[in-house]
Amino acid sequence: MLIVMKKDATRDDVNRVRDHVIALGYQPHEIPGSQRVCIGITGNNGKLNPEAFALLHGVDDAIPVSKPYKLVGRDAKPENSEINVEGEVIGGREIAIIAGPCSVESWEQLISTAEVVKDAGAKFLRGGAFKPRTSPYAFQGMKEEGLVLLREAKARTGLKIVTEAKDVLTLSSVSEVADVIQIGARNMHNFGLLEAVGELRKPVLLKRGISATIEELLMAAEYILARGNYDVILCERGIRTFEPYTRNTLDLNAIPVVKKLSHLPIIVDPSHGIGMWDGVASMALAGVAAGADGVMIEVHPEPASALSDGFQSLKPERFRDLVEKIKQLAPIVDRALSLEVA
Ligand code: PEP
Ligand code: MN
């Protein structure tokens, strides 16, 4: 159920509706809009009676939501959500550039990558400290030590940190360093982890599962919003199809579809999407053309010696070239990319 407040509803009106929802044993989710406030109701197992709400003062309408997701849908919020990450907005006019190595490997590797991506125009540094690898024998990340390096790289460069939380156990140490907590494709269905990040008040980058449908991605995001964390950024990173030539198939269709169904921002990760460095730039540009709110690109100073995903990592000069092209493309799709370095 979605309670749409009147444009002139007062704070007291909104609070009265919230109290009423709580008194019934459900959770109210206040969703501020540019015109009016909506209150999403979750926690009810059966259908609610709209009349119980429609008569409250300040309420314009009470609409049953038939879709399986409620808070992430456009019904709950017609306008786009803009996620503010310590002053950098994802989901507005500006294209977000998130770049860095797949894994944090050493201080030299991290800081040299951070400096080049910043210089090229990135505002966010990515890098995994806890790596969910397919093989238990593959490099699992520098773990706590990697977090220390990420914190130091942020202090040096001012870049916002995007890093993955692999499990509930390490979530609190990751969230101390991360400005955006990444939930990886393999964890999109880890409902305990989704609930745990839902309890935090920190932006979450939720990657689409390897075989997840768009609706499953939205439902995973709903888990996070249902716990009161509304700052979720979705990420299309390729899905597994019958095509073995590329690592995954970057599902560009997902971008306009998500934009139609949800107010949440969505970015693309062409690095994992195609899995080959020489295809990354064109797929990044295709993602921006399709309406993505940002790109996440793996960059490594020496891809051949990377401990993970070197094959799909761009060298710094190629990354710089890509960012320039995104800047040129942005206005054609009514977006912008300002490259001035702070
Ligand atoms: C990553 O971003 O390095 C990563 C592991 O991505 P995904 O979860 O999409 O495979
Ligand atoms: Mn990777």
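How far does a polar side-chain atom of Arg126 lie from an oxygen atom of ligand 1? The gap is 2.8 Å. This model is predicted.

## The ligand site

Several residues surround ligand 1. Among them are Cys102, Arg126, Lys131, Glu164, Gln182 and Lys207. The list also includes Gly184, Ala185, Arg186, Arg237, His272 and Glu298.

Look at the polar side chains here. Arg126 places a polar side-chain atom 2.8 Å from an oxygen atom of ligand 1. For Lys131, an N or O atom in the side chain is 2.9 Å from an oxygen atom of the ligand. Lys207 also has a polar side-chain atom 2.9 Å from an oxygen atom of ligand 1. How much of ligand 1 does the protein bury? Taken alone, the ligand exposes 300 Å², and the protein buries 97% of that.

## Two domains

The protein chain is split into two parts. Domain 1 covers 2–63, and domain 2 covers 83–333. Their C-alpha centres lie 35 Å apart.

Start with strand S9, residues 160–164. Is S9 mostly covered or mostly open? It is mostly covered, as 5 of its 5 residues are buried. Lys160, Val162 and Glu164 sit on one side. Ile161 and Thr163 sit on the other, and both faces are covered.

Now follow the pairing. S8 and S9 run parallel and share 3 bridges. Within this pair, Arg126 has Val162 of S9 as its bridge partner. To get from S8 to S9, the chain passes through H4, and this β-α-β crossover is right-handed. Arg126 is also one of the residues around ligand 1.

S9 has another parallel neighbour. It is joined to strand S10, residues 180–183, by 3 bridges. Thr163 stands opposite Ile181 in S10. Helix H5, residues 168–177, belongs with S9 and S10 to a right-handed β-α-β unit.

Next comes strand S12, residues 232–236. Why is S12 largely enclosed by the rest of the structure? The reason is that 5 of its 5 residues are buried. Which way do its residues point? Val232, Leu234 and Glu236 point one way, while Ile233 and Cys235 point the other way. All of them are buried.

On one pairing, S12 meets strand S11, residues 204–207. The two are parallel, with 4 bridges. Lys207 has Cys235 in S12 as its bridge partner. Between S11 and S12 the chain crosses through helix H7, residues 214–226, in a right-handed β-α-β crossover.

## Three buried residues

Asp13 sits in helix H1, residues 11–23. Is Asp13 buried or exposed? Its relative accessibility is 4%, so Asp13 counts as buried. Its side chain makes a polar contact with the side chain of His57, at 2.9 Å.

Phe130 lies in the loop between strand S8 (124–126) and helix H4 (144–157). With a relative accessible area of 5%, Phe130 is buried. Val104 is 26 residues away from Phe130 along the chain. The C-alpha atoms of these two residues are separated by 9.0 Å.

Asn229 belongs to the loop between H7 and S12. Its relative accessibility is 2%, so Asn229 counts as buried. What does the side chain of Asn229 reach? The answer is the backbone oxygen of Lys202, at 2.9 Å.

Definitions and conventions:
Residues are numbered from 1 along each chain as its sequence is written. Chains are lettered from A and ligands numbered from 1 in the order in which they are written. This is a predicted model: local features need pLDDT of at least 70, side-chain atom pairs count only at pLDDT 80 or more; totals for chains, interfaces and linings use all residues. Side-chain values use heavy atoms; hydrogens and water are left out. Buried means under 20% relative accessible area, exposed over 50%, partly exposed in between (1.4 Å probe, protein chains only). Two strands pair if DSSP finds at least two bridges between them. A crossover is right-handed if, with the strands pointing away from the viewer, the path from the first strand over the helix to the second runs clockwise. Domain bounds come from an automatic or database domain assignment. A residue is near a molecule or strand if one of its heavy atoms lies within 4 Å of it. A polar contact is a pair of N or O atoms within 3.5 Å; within protein, one must be able to donate a hydrogen and the other to accept it, and residues adjacent in sequence count only if both atoms are side-chain atoms. Accessible areas come from the Shrake-Rupley method with a 1.4 Å probe; for residues, only the protein chains shown count as cover.
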